[in-house]
Amino acid sequence: DVFVENALSEDAINAIYSQAKISKLNIKNSVSDAIDLDYSDAEIENLKLENNKGDGLDISGSLVKCSYCVFVNNKDKGVSIGEMSNFYARNSSFSQNDMGLANKDQSVLNLSNSKLINNRIAIAEFIKKPYFGKPKSYLNKNYYLENGSKYEWLGLYSY
């Protein structure tokens with residue numbers, strides 16, 4: 001039951017080598033990423049990340065399970081999954097982000113029973129760091145509406 005608004009740091013919340021259980025958290029209008037989890041295990045439910053200037057949720061080398069989460073109007077990605085992470089999401093919503101979810105660098109995405117609405121790219125896969133292999137995505141019973149693209153393989157992608 002925490003609300004964070006207008007955070008001025010690089011990440012509103014950052015956890016490294018941690019275990020976390022996050023519930024009923026709302027982060028809005030951060031100047032960069034809302035949450036950054038590096039080499040962490042986390043269970044997240046009832047999360048809302050909106051209008052952040054970077055990623056909503058950025059995970060690297062982590063195992064994250066997310067349910068009933070909302071990612072809306074994040075200027076970069078709703079969720080960025082990288083560096084051999086495993087991300088499981090269900091019953092969640094990704095809307096008006098540049099990329100709803102970006103799966104990269106040998107990570108695994110499992111997405112089910114979720115809504116992807118009005119993102120430039122709903123789901124993107126790519127290799128950002130060439131010493132990692134291709135990511136894998138398992139998509140089950142998701143709803144797509146008015147995205148610029150439902151899925152894109154971007155290859156070796158640097159931006």
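The structure is a predicted model, in which local features need pLDDT of at least 70 and side-chain atom pairs count only at pLDDT 80 or more, while totals for chains, interfaces and linings use all residues. Residues are numbered from 1 along each chain as its sequence is written, and side-chain values use heavy atoms, with hydrogens and water left out.

**Salt bridges**

- Five salt bridges are counted, a salt bridge being a side-chain nitrogen of Lys or Arg within 4 Å of a carboxyl oxygen of Asp or Glu.
- Glutamate 83 pairs with lysine 129 in a salt bridge whose closest N and O atoms are 2.2 Å apart; because glutamate 83 lies in the loop between strand 9 (77-82) and strand 10, and lysine 129 in the loop between strand 15 (121-127) and strand 16 (136-140), the pair ties together parts that are 46 residues apart in sequence. Strands here are DSSP runs (E, at least two residues), numbered from the N terminus.
- Glutamate 83 is buried at 16% relative accessibility, whereas lysine 129 is partly exposed at 26%; buried means under 20% relative accessible area, exposed over 50% and partly exposed in between, with a 1.4 Å probe and protein chains only.
- Arginine 120 forms a salt bridge with aspartate 98, with 2.5 Å between the closest N and O atoms, and the pair ties together parts that are 22 residues apart in sequence.

**Leucine 111**

- Leucine 111, in strand 13 (residues 108-112), is buried, with a relative accessible area of 2%.
- Beyond its neighbours within four places in sequence, leucine 111 has contacts (heavy atoms within 4.5 Å) that include Ala89, Phe94, Leu101 and Tyr138; the C-alpha atoms of leucine 111 and alanine 89, 22 residues apart along the chain, are separated by 5.0 Å.

**Pocket and surface**

- Ile44, Lys65, Cys66, Ser67 and Arg90 lie nearest the centre of the largest pocket, which is lined by 13 residues. Strand 3 (19-28), strand 5 (41-50), strand 7 (63-67), strand 10 (86-90) and strand 13 each give two or more residues to this lining.
- A pocket is an open set of points on a 1 Å grid over the protein atoms alone, where a 1.4 Å probe fits, with protein on both sides within 12 Å along at least five of seven lines; lining residues have an atom within 4 Å of a point.
- Isoleucine 16, found in strand 2 (residues 11-16), is partly exposed, with a relative accessible area of 46%.

Definitions and conventions
Helices (H or I, at least four residues) and strands (E, at least two) are DSSP runs, numbered from the N terminus.
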